[in-house]
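Please read them with the structure open beside you.

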Amino acid sequence: MKEIIFNAIIFNRGRRFRGYLLTRDGNITAVRAGDPSAVELADFDKSERTDLGGHWLLPGVIDSHVHFRDPGLTHKADIASESRAAVAGGVTSFFDMPNTKPPTVTRRALEDKYAHAERCSKANYAFFIGAAADNIEELRSVDYSRVPGIKLFLGSSTGNMCVSDPEALDEIFRLPALIAVHCEDEQTILANAAKVKQLYPQGEVPVAWHPVIRSELACYLSTRSAVERARRLGTRLHVCHLTTAQELELFRGQGADRRITCEACVAHLRFTDSDYPRLGSYIKCNPAVKSDASRDALRRALLTGDIDTVSTDHAPHTLEEKEGDAFTAPSGMPMVQFSLRAMLQLTLELPGLTPERVVQLMCHNQADLFGVSGRGYLEPGMWADMVEVNPDGTKTPVSNRDVVSKCGWTPMQGAVLQHEIRRTWVNGVLSFDAANPDLLRSQESAAMPLRFVRGNTEA
């Protein structure tokens, strides 16, 4: 199987250029500037030639933070449905989180997930193993060439896998694996919650109180503690979903050898607490969407390099479940289908943020910092994970009718996202084509389990 993709604007390593790309058996074999010669074109049958008509060709997005709810919560999402949503959004690889039912805290649970994904995933896949108070031996025995790392919750969230014992935390932080951590200080949250409940003795607490309960201080205290522990023990730490300017100060001035890295999520780069009156519980997530000032600080950090990766924390719930208050509505929102488009839209709104930088944050850095083998770049020898984007594709607002995720809704409804995802290739196989919706619904898949190099312990 081979293909030549030409008349494309190719994005790679901070550059864009008009050129063409060749693939064979799922791998990129050549990337060249200009137009292919008649001799080169003659080597490909008509069915093997793809003219992009001047559209952009980007590496497939690697989303290192999703919750596909499988197993145990599949009434709202599953690997099959959410991987289709991912591919429809230009996301060709995902790392799924362990707070499922049962939680993924054993090798057996991991193997079950990998076997299930092999049968149904449309995108390349990997699964974190979760840290628990009593599974240190399981964590020690994992093959981290197959697993992106250990997910550790320092604050309760969906699934309540919080680990708080200092000795247990030290043992986890000493493991030769990447530790991806959810940082919120549980005691601060509990104290804030008690105060807010006193203000509403009759019950229902407006969702706008969520960022007061899960406050900036709760995030900062927990992130500071995790960073200090990682520095003391030499841990390869990746802090998930930063939400505050104060947290960002902990990641400045590290230099090129960054063993402690951090992520921002699309929701926190787009929404603020001023959106609660309009969107209510639809943007309730942990950590909470916070102030305009916090969002603006995160956006600036995209430009300075203080934020290393951008992911989604894609976490669907049904619309019926989301009809609650600050305490009863579950936290999380679907985002994987619209993440690349939302970030490219941000390049039109944030001076200094370029599409090349978006590729760095969502593709290159994800591959480099997690040690993903053979992905994240458009270069010979890489797997042919690619996405075609029409930069002037649509002015039509996003609708819930467009949603591929099983939950059937998106907080992006009504947003105009100019860039359109036209086609997505997974391992050289066309897996999404906006002109052929049946292709996405097909049971056929070229997806593979991801592999990781260097044991994930080097930044």
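1. Aromatic pairs. A search of the whole structure finds 12 aromatic pairs. Rings of Phe, Tyr and Trp (its six-membered ring) pair if their centres lie within 6.5 Å; planes under 30 degrees apart count as stacked, over 60 as edge-to-face and the rest as tilted. One of the pairs is formed by Y114 and Y125, which is tilted, with 6.2 Å centre to centre and 50° between the planes. This pair links distant parts of the chain, since Y114 lies in helix 3 and Y125 in strand 8 (residues 124–127), 11 residues apart. Helices (H or I, at least four residues) and strands (E, at least two) are DSSP runs, numbered from the N terminus. Both Y114 and Y125 are buried; buried means under 20% relative accessible area, exposed over 50%, and partly exposed in between (1.4 Å probe, protein chains only).

2. Basis of the model. This is a predicted model, in which local features need pLDDT of at least 70 and side-chain atom pairs count only at pLDDT 80 or more, while totals for chains, interfaces and linings use all residues. Residues are numbered from 1 along each chain as its sequence is written, and side-chain values use heavy atoms, with hydrogens and water left out.

3. Y200 and W209 form an edge-to-face aromatic pair, 6.1 Å centre to centre with 75° between the planes. Y200 has a relative accessible area of 27%, so it is partly exposed. W209, at 24% relative accessibility, also counts as partly exposed.

4. Charges over rings. A charge sits over a ring if NZ of Lys or CZ of Arg is within 6 Å of the ring centre and within 35 degrees of the ring normal. The charged end of K197 sits over the ring of F327, 4.8 Å from its centre. The charged end of R229 is placed over the ring of F173, 5.8 Å from its centre.

5. Helix 8. What is the span of helix 8 (residues 216–233)? Its end C-alpha atoms are 26 Å apart, which agrees with the 26 Å that its 18 residues should span at 1.5 Å a residue. The expected span is 1.5 Å times one less than the number of residues. The buried residues of helix 8 are A218, C219, Y220, S222, T223, A226, V227, R229 and A230. They pack against helix 5 (166–173), strand 11, helix 6 (186–199), strand 12 (236–239), helix 9 (245–248) and strand 13 (260–265), where contact means heavy atoms within 4.5 Å. Just after helix 8, G234 takes a positive phi of about 70°.

6. Helix 14. Helix 14 (residues 355–370) has 16 residues and reaches 22 Å from its first C-alpha to its last, close to the 22 Å expected. A kink of about 40° is centred on H364; the bend at a residue is the angle between axes fitted to the seven residues ending there and the seven starting there. Of the 16 residues of helix 14, 14 are buried, so the helix is largely enclosed by the rest of the structure. G371 follows helix 14, with a positive phi near 70°.

7. Six strands form an open sheet in the order 9-10-11-12-13-14, with parallel pairing. Its edge strands, each pairing on one side only, are strand 9 (129–130) and strand 14 (309–311). Two strands pair if DSSP finds at least two bridges between them. Strand 10 (residues 150–153) and strand 11 (residues 178–182) pair over four bridges. H182 in strand 11 is the bridge partner of F153.

8. Backbone points to check by eye. Most residues other than glycine have a negative phi, and most peptide bonds are trans. K101 and P102 are joined by a cis peptide bond, with omega about 0°; P102 lies in the loop between strand 7 (91–96) and helix 3 (107–120). Another cis peptide bond joins N286 and P287, with omega about -5°, and P287 is in the loop between helix 11 (276–279) and helix 12 (292–304). N7, in strand 1 (residues 2–12), has a positive phi near 55°. N7 counts as buried because its relative accessibility is 19%. D25 has a positive phi of about 50° and is found in the loop between strand 2 (15–24) and strand 3 (27–33). D25 is exposed, with a relative accessible area of 52%.
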